Amino acid sequence: MKFSLRIASFSAPIIALAISFGLSSLILLFIGKDPIETFQIMFEYGIKGKSIVSIINRSIPLYISAIAVAVGFKMGLFNIGVEGQYLVGSIVAAFVGSQFTIITPLHILFIILIAVACSAMWAAIAGYLKVKKGIHEVISTIMLNYIGTGLISYSLTNVFDEKGSEYELPRTPELPETGQMPALNNLFRLEDLQDLHGFLFVAIIVGIFYYWLVWKTTLGFDLRITGSNPVAAKFSGINPNKLIVVAMVTSGGFAGLVGLGPLLGYFHRFTIDFPTGLGFAGIAVALLGRNHPFGMGVGALLFAFLERSSQILDLNDVPKEIERMLQAFILLIVVVFYEVIRRFIVKQQVKDASKKVET
Amino acid sequence: MNLAINTKNISKSYPGVLANSNVSVQIEKSSIHAIVGENGAGKSTLMKILYGMTKPDQGEIEVFNQSASMSSPKEAINLGIGMVHQHFMLAKNLTVLENIILGIDKPSIKNLGLKKYKKLIEEVMSTYSLDIDLDMFVEDLSVGEKQRVEIIKVLFRGAKILILDEPTAVLVPQEVNELFKNLNNLKQNSVTIIFISHKLDEVLEIADDISVMRAGELIDSVKNENVSKTELAEMMIGKSLPTPPPRSTETKQNKIIDIKSITSESVDGRKFFTDVSFSVFESEILGIAGVEGNGQKEVVESIIGIQNIESGEIFFNGENINNKTTRQRLESGISFIPEDRQLQAMIMDMNLTNNVIIGRQNIEKYKSNLATVKTKNAIKESENVISLFDVKTPNTNTLATALSGGNQQKFVVGRELEDNPSLLIASQPTRGIDIGAQSLIWEKLRQSRDNGLAVLLISADLEELIGLSDRIIVFYQGSTVKELSSDDVSPEDLGGYMTGLKK
């Protein structure tokens, strides 16, 4: 692609951001708040050292969740079930991981493998149902979300409730110290701040792995051509059924990592407060980042920044909901502008190609 | 002259598709005006423009001598233009009456007024001498009757100009006669009829004027009495008839593909094809003739393993390939040019480098030991195809959608031939592309055949089929009904076997 076209494709999210802030400003004006002041407070709060650590910690599971969703999107599969998949994987991994002690790296690796395997299997059910019974993955994954959260609530109160202990709280036993991931504060010389989750490294590796898998391997090629043109993919000898299952399992495998940042770095057990909604937020980040590993990274950081910085608003008498609206504006508008830019690029290429024909 | 429709220099282009260029056509009031041309000649685009379904890039349209600019079928209907599509738009679980008034009123909670409408519709029917039982359910009607419902529907909305898109394609001969009688009646009642077809006999029977389209251009408009069928065919196909040069090579004796009595049926028990057997020899082009929908498409798809077969055997280079997957078959030396390049052969929003790999993702040339794509080889191969097949493109990074139809097709043919297959299945290899690309593809197919390739050629273009093939087999109702040598067969003969008139 020519350099000018590359710039054009970057302009969509920037335009969307500008318009979204404009629209949110109008709403703030309408309710009698000063938009410039509001955004200033948010920004100042958001770039404090404490906030930055929190933003990075928040963005880790968001990013991985977006990648899980994006694997499906790339072949035209809508895995709405990342939510259920990561919760199921997290609770099983949290429980199994708490039952034994080995040296730290092996312990953590083992927990990761359990979570990935469980989530992948949970996602495989949807793949199986689509291939064998023709049930659309959106329906089955939504249903599996309900079933998954139901099973989790049941087992939290009936299976894992620390029988015999003093409290009988609905939670899994705590991970032994060998199963906890150390924070990165010492590495980056961050003193006096809260823990920077060590799972950051895993997220970065996942991003690189995702890029390699989708853009460099032949499996990724098959995923992408099936996503753009399933008919041509079939004529090229791809077995769509097999690929659907592979894609669902891969997507679910990534989903298994979503809950591990919070689990290994902070919670150390699965409780009723364990973060939910990350699977759905991942869909938004994947859309914003256009399934690209770099774009989704920026998207995850942006959403984490907005969430964190909006916490100061209540103290300043501005409704925090403005941040939710801002997120929604960005998403809606960016989707429109991606399409506008895409058409522009195609038009440009048609022009170049027809010039070639004339000469 | 009293004109119903007058277009001036209408042009329309789509990315990668040749549609209409400078089409000027005059359609006289109260006449039957046929528009003929091959598939992809631009007839449908012109009709879509006249019916307001798409806007021309440039040019003017006059309807009843008034300048008109339609941006929706609704506006076209208001101007008195109605269209009967090839595929009927009827709700089968409603009665004829309900279908006719469907969509006339805005949704509301007041009484439908069926009685009032019934009377009005009966008046229209008697004006134009069209007959149908308004209380029948549409699902109980024959195809011809359904078509009549569509015509009444359009007339009831006040159409004075009727566009019929390939109206006889779905009818049996008796129904065709009935339709023609009705159309003549309509003409007497000052309705103008635009009749789109590629069946020349029918056109000569019914039309007053005939316009011929080819490659997006209007070649000529002539009066029926001043033209013969041969002249029409020449205008339609152009002077680009392939003239087979005498073969310098001979067909070899060994069978590349050998098909032994294969049968396939759909889940509901409808037979796609029954007991089909044929073989293609090394260095031979075997043509398959047949009206669309007679099983030939399914047969070739079963050779590459996309269509299942219930019984019979397929041998490729002496080996039974019944249980091989599509990928295994492609990799063992079968190449396939599907009939729809944009839907089946290419990924339109990917560049040419990616498109050259399609169908060959797993061969060593493109797949490294780490299961990654060998991009360098893909770039080299796409450059190779571009230069050998004269594909006009800025570079290998251009998206497939940016190329014209002819260049897309040259790229697909090049990709398949450069893979050095021992069997090539070419389905409509030159449909809807410019003459330059067409003759290049013909030349390449011939060359490859001379070098030993076995080719299975499916084409609706009978001149192409006769010109290129060494032998031709004819499909009719899911079976092979005739085998012919291409040396002594005319399109008319072939047409006779294809329609079941000759046996």
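Which residue is the bridge partner of B:F316 in β16(B)? It is B:E319, and the pairing around it is a handy way into this predicted model, in which local features need pLDDT of at least 70, side-chain atom pairs count only at pLDDT 80 or more, and totals for chains, interfaces and linings use all residues. Residues are numbered from 1 along each chain as its sequence is written, while chains are lettered from A and ligands numbered from 1 in the order in which they are written.

Strand β15 (residues 311–316) of chain B runs antiparallel to β16(B), with 2 bridges joining them. Helices (H or I, at least four residues) and strands (E, at least two) are DSSP runs, numbered from the N terminus, and two strands count as paired if DSSP finds at least two bridges between them. Both strands belong to an open, antiparallel sheet of 4 strands, ordered β13-β12-β15-β16 (chain B). Its edges are β13 (271–281) and β16 (319–320) of chain B, each pairing on one side only.

Chain B also has an open sheet of 6 strands, this one with mixed pairing and the order β7-β8-β9-β4-β10-β11. Here β7 (81–84) and β11 (217–223) of chain B sit at the edges, each with pairing on one side only. From one strand to the next, the twist averages 20°; axes are lines fitted to C-alpha atoms, for helices over the stretch in contact, and angles run from 0 to 180 degrees between N-to-C directions. At one end of the order, β10 (residues 209–214) of chain B pairs with β11(B) in the antiparallel sense over 6 bridges, and B:S211 stands opposite B:S221 in β11(B).

Two helices go with this sheet. Helix α1 (residues 43–50) of chain B lies across β4 (32–36), β7, β8 (161–165), β9 (192–197) and β10 of chain B, at about 150° to β8(B). Helix α5 (residues 143–156) of chain B packs on the sheet too, touching β7 and β8 of chain B, and its direction makes about 165° with that of β7(B).

As for the chain pairing, 24 residues of chain A are in contact with 34 residues of chain B, contact meaning that C-beta atoms, placed from the backbone, lie within 7 Å. On the chain A side, α8 (218–228), α9 (230–235) and α14 (321–358) each give two or more residues. The largest share, 7 residues, comes from α14(A).
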